Amino acid sequence: MRVCLVCEGSYPYVSGGVSSWVQMLCSEFKDVEFVIWSIATTKAEMSQYKYKLPDNVVEVKTVYIGENIEDKGGKHVKLSEKEKQTLRMLITSSYDQINWDDVFQLIQNNRENLYNIIMGTDFYNCCLDIYKKKNLFLVFHDFLWNMRGIYLPLVSALSGEIPSADIYHAVSTGFAGILASCASYIFKRPFLLSEHGIYTREREEDIIRSDWVTGEFKDIWIDFFKKLSAIAYHQAHLVTTLFESNMTLQQELGCPKDKLVIISNGIDFDQFYRQIPKDKAKKDWYDIGAVVRIVPIKDIKTMLVAFYQIKNAIPKARLHILGNYDENPEYYKECMELKNNLDLQDVIFYGQVNVRDYIDKIDLFLLTSISEGQPLAVLEGMAAGKPFICTNVGDCKSLIQGNHDEFGPAGYIVPAIDSEAIAEKVISLYKNPELLYQMGQNGQERVRKYYRKEIFLEQFKKIYNQMGEELYGRNRI
């Protein structure tokens, strides 16, 4: 069996939870051939692998959607009347009003000419219609090129050669979802979609906070990403999600309930398990850890401000930040400037490291993200018997507090972007070492029972086998 894993902005070029999940899947399913269809920004930003590829990864095909798109020489593409109507519907209609069958047919018929369609008269006329109907206070030339800027990366991704596979497995919606959708439609192969976070909501948060999208263009960009998710939900044969509230959001965004199944993340428990003595030898330092990429969505700045407050109360506190800082150099620079402005001592940025080499010295961990799915870093720390202070995002509340299970809390949940709440909980655990120990034990037992890798691997193996058995003749369109 050959499975094509479609990854956007992650494996194998970016480390993190989703990439680690992909690495685990490929490493454990040794009898499956994997092709990685990776969507990256530019070769300058994403060219070096962050992982040693398992032997059964037989190919990596990379699409660089941030590169300059080749000019096709201005070739005029003559669309049929139905294709013109489909293009108009795609550009002008909301995501829930589009006939996706016709959209896939348009793409299949014109894959080699999509660039020329976006640069052509029919796309121009669609944009002009939107411009007039919305009565926008913008120069039309600026509006047109912003619209082309939205759709040209999509065209870049769709115009390339499609890898051959028995199953297409996208690990998000967005560009990954639409590539897998088109491959599934064109080659009549099953499509499995696995969402870790909710792609549409994450992009919406990015756009709302961004400076590069302004004014009325924010709503247009948000609607575009809703369309991409709708394509994937429409074409997917099965959609796996991590937890209940994610499933609810996916249904709100248009995913049929009967396609959804919950498969929680799992980790190699034995690799991270530590037997923590109840009466640890007293040490001078109170060591706080964070396993996190240095990017805005992880909100490292709030973590630093919280540590400033912690340091005033606990002079012997140290903050160890374990994670890649090369992904967003500008944000890393801003974090270092904040650290210096606060005159923060005993904050160490390690970069990409093997977390297991550092986990023993940590007393408790922080996660200050403003958006998450079901973070592997939290599960790994809990397996090691370490309590967590987590923001109330994704499934963190269930991981820390449990879903009415027999275990007690494994730390505290605090509001996002609330440095005072983070600092208060860290200080309280410093003052109560018995509670710190008990919370670590609670989390360890929760992971041992519910979040082992063997559980999620068995579920995905079953899905792959079922899709392989039902392969021939399957096509949802």
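A residue counts as buried when its relative accessible area is under 20%. Keep that cut-off in mind as we walk through this structure, which is a predicted model.

Let's begin near the start of the chain. Strand 1 covers residues 2–8, and five of its seven residues are buried, so by the cut-off above this strand is mostly covered. Who are its neighbours? Strands of a sheet pair through backbone hydrogen bonds, either parallel or antiparallel. Strand 1 runs parallel to strand 2 (residues 33–40), and seven bridges join the two. To find one of these bridges on screen, look for Arg2, whose partner in strand 2 is Glu33. Helix 1 (residues 17–28) belongs to this picture too: strand 1, helix 1 and strand 2 make a right-handed β-α-β unit.

Strand 1 also pairs with strand 4, residues 167–170. These two run parallel as well, with four bridges joining them. Here you can look for Cys4, which has Tyr168 in strand 4 as its bridge partner.

Now stay with strand 4 for a moment. Is each of its faces covered or uncovered? In a regular strand the side chains alternate between the two faces of the sheet. In strand 4, Ile167 and His169 lie on one side, while Tyr168 and Ala170 lie on the other. All four of these residues are buried, and both faces of strand 4 are covered. Strand 4 also pairs with strand 5 (residues 191–194), in the parallel sense and over three bridges. Ala170 takes part here, with Leu193 of strand 5 as its bridge partner. Strand 4, helix 7 (residues 174–187) and strand 5 make a right-handed β-α-β unit.

Next come two helices. Two packed helices are described by the angle between their axes and the distance between the axes. Helix 8 (residues 199–209) and helix 9 (residues 217–235) pack at an angle of about 165°, with 9 Å between their axes. Angles over 145 degrees count as roughly antiparallel, and helix 8 and helix 9 are therefore roughly antiparallel to each other. The crossing in which helix 8 passes helix 9 is right-handed.

Finally, let's turn to the cysteines. A disulfide is a covalent bond between the sulfur atoms of two cysteines. How many disulfides are there here? With a cut-off of 2.5 Å between the sulfur atoms, the count comes to zero. For Cys127, the nearest cysteine sulfur is that of Cys126, 6.8 Å away. Cys127 counts as buried because its relative accessibility is 0%. For Cys396, the nearest cysteine sulfur belongs to Cys390 and is 4.5 Å away, and Cys396 is in no disulfide. Cys396 has a relative accessible area of 0%, so this residue is buried.

Terms used:
Residues numbered from 1 in each chain as written. Predicted model: local features only at pLDDT ≥ 70, side-chain atom pairs only at ≥ 80, totals over all residues. Heavy atoms only, no water. Buried < 20%, exposed > 50% of the residue type's maximum accessible area, 1.4 Å probe, protein only. Pairing = 2+ DSSP bridges. Right-handed = clockwise from strand over helix to strand, strands pointing away. Axes fitted to C-alpha atoms, helices over the stretch in contact; angles between N-to-C directions. Parallel < 35°, antiparallel > 145°, perpendicular 65-115°, else oblique. Left-handed = near helix turned anticlockwise from the far one by under 90°.
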